[in-house]
Amino acid sequence: MSKKAVLLLSGGLDSATTLAHARAKGFEVYALSFRYGQRHKVELEAAARVAKQLGAKEHKIADIDLRLFGGSALTADIAVPKHEKVDEIGGGIPVTYVPARNTIFLSFALAWAEVLKAYDIFIGVNALDYSGYPDCRPEFIRSFEQTANLATAYGVEAKQHITIHAPLINLTKAEIICMGLKLGVDYVLTQSCYDPRPGGKPCGRCDSCLLRAKGFSENGMKDPAP
């Protein structure tokens, strides 16, 4: 019998690869996406496509409003930084960081996991090509895993440990793409752009687009997505 797992699915390249990885490991995956006040809905449309293509058991979209707080180029009227080349991406934490987003998302995933009695949660964070986000670091994942086992009834009462899986955390974007291609991910279905044009076409110049293009280039191919 397959083990149940809850997986955070944005519709982007990383979460799609993580879903394919979890399925290959034999997990019955319950995918969770968020309508959180982000700039566009195309990533949710991509998440639905990916969940279907990669065989998620169920796909839920949770509604929360992080625009209430703002503080990010993805949830407020702040311009998304654009560059011509990937080496123009600066250091530090960029304005596309959404305050506490992964903490909030993982908390929702944990709540659903507790209802499902699932002891595994997957998240596609990456600490190498991750644009400086503090909630994509290994120490954050370890800390949240400890919290999960302390903060839930099934974590306290059950004999099984709750595990937060971050299988991409030490991979480059090129290595993630290589993994996904081997696992059968159709990257045409994914959407990674922070600021897509009308109709959903990627801008090609935000940090996410540039890092994605670099990853495909290092695999000797162009990004197959439109």
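Visitor: Why is Ala100 called partly exposed?
Guide: This is a predicted model, in which local features need pLDDT of at least 70, side-chain atom pairs count only at pLDDT 80 or more, and totals for chains, interfaces and linings use all residues. Residues are numbered from 1 along each chain as its sequence is written, and side-chain values use heavy atoms, with hydrogens and water left out. Ala100 has a relative accessible area of 34%, and because buried means under 20%, exposed over 50%, and partly exposed in between (1.4 Å probe, protein chains only), Ala100 belongs to the partly exposed class. Ala100 sits in the loop between strand S3 (58-63) and H3, where helices (H or I, at least four residues) and strands (E, at least two) are DSSP runs numbered from the N terminus.

Visitor: What makes the phi of Ala100 worth a remark?
Guide: Most residues other than glycine have a negative phi, whereas the phi of Ala100 is near 60 degrees, a positive value in a residue other than glycine. Lys117 also has a positive phi, near 60 degrees, and lies in the loop between H3 and strand S4 (120-122); its relative accessible area of 49% makes Lys117 partly exposed.

Visitor: Is Val115 buried or exposed, and how do you know?
Guide: The relative accessible area of Val115 is 68%, so Val115 is exposed. Val115 is part of helix H3, and its C-alpha is 20 Å from that of Ala51, 64 residues away in sequence.

Visitor: What makes Thr75 count as buried?
Guide: Thr75 has a relative accessible area of 1%, and is therefore buried. Thr75 lies in the loop between S3 and H3. Leaving out residues up to four places away in sequence, Thr75 touches Tyr36, Gly37, Leu66, Arg67, Gly70 and Val98, a contact being heavy atoms within 4.5 Å.

Visitor: Why is Pro196 called buried as well?
Guide: Its relative accessibility is 15%, so Pro196 counts as buried, although its place is in the loop between H6 and helix H7 (207-217). Its contacts, again not counting residues up to four places away in sequence, are His40, Val42, Lys201 and Cys203.

Visitor: Are Cys136 and Cys193 buried or exposed?
Guide: Cys136 has a relative accessible area of 8% and is therefore buried, and Cys193 counts as buried with a relative accessibility of 3%.

Visitor: Why are H1 and H6 called oblique to each other?
Guide: Helix H1 (residues 13-24) and helix H6 (residues 173-182) pack at an angle of about 40 degrees, with axes 9 Å apart. Axes are lines fitted to C-alpha atoms, for helices over the stretch in contact, and angles run from 0 to 180 degrees between N-to-C directions. Because angles under 35 degrees count as roughly parallel, over 145 as roughly antiparallel, 65 to 115 as roughly perpendicular and the rest as oblique, H1 and H6 are oblique.

Visitor: Which residues make the contact of H1 with H6?
Guide: Leu13, Asp14 and Thr17 of H1 meet Lys173, Ile176, Ile177, Met179 and Gly180 of H6. These residues divide into four nonpolar, two polar and two charged, where Ala, Val, Leu, Ile, Met, Phe, Trp, Tyr, Cys and Pro count as nonpolar, Asp, Glu, Lys and Arg as charged, and the others, Gly among them, as polar.

Visitor: Which residues join H3 to H4?
Guide: Helix H3 (residues 101-116) and helix H4 (residues 138-151) pack at about 35 degrees with axes 11 Å apart. Asn102, Thr103, Leu106, Ser107 and Leu110 in H3 meet Phe140, Phe144 and Ala148 in H4, and this contact holds five nonpolar, three polar and no charged residues.
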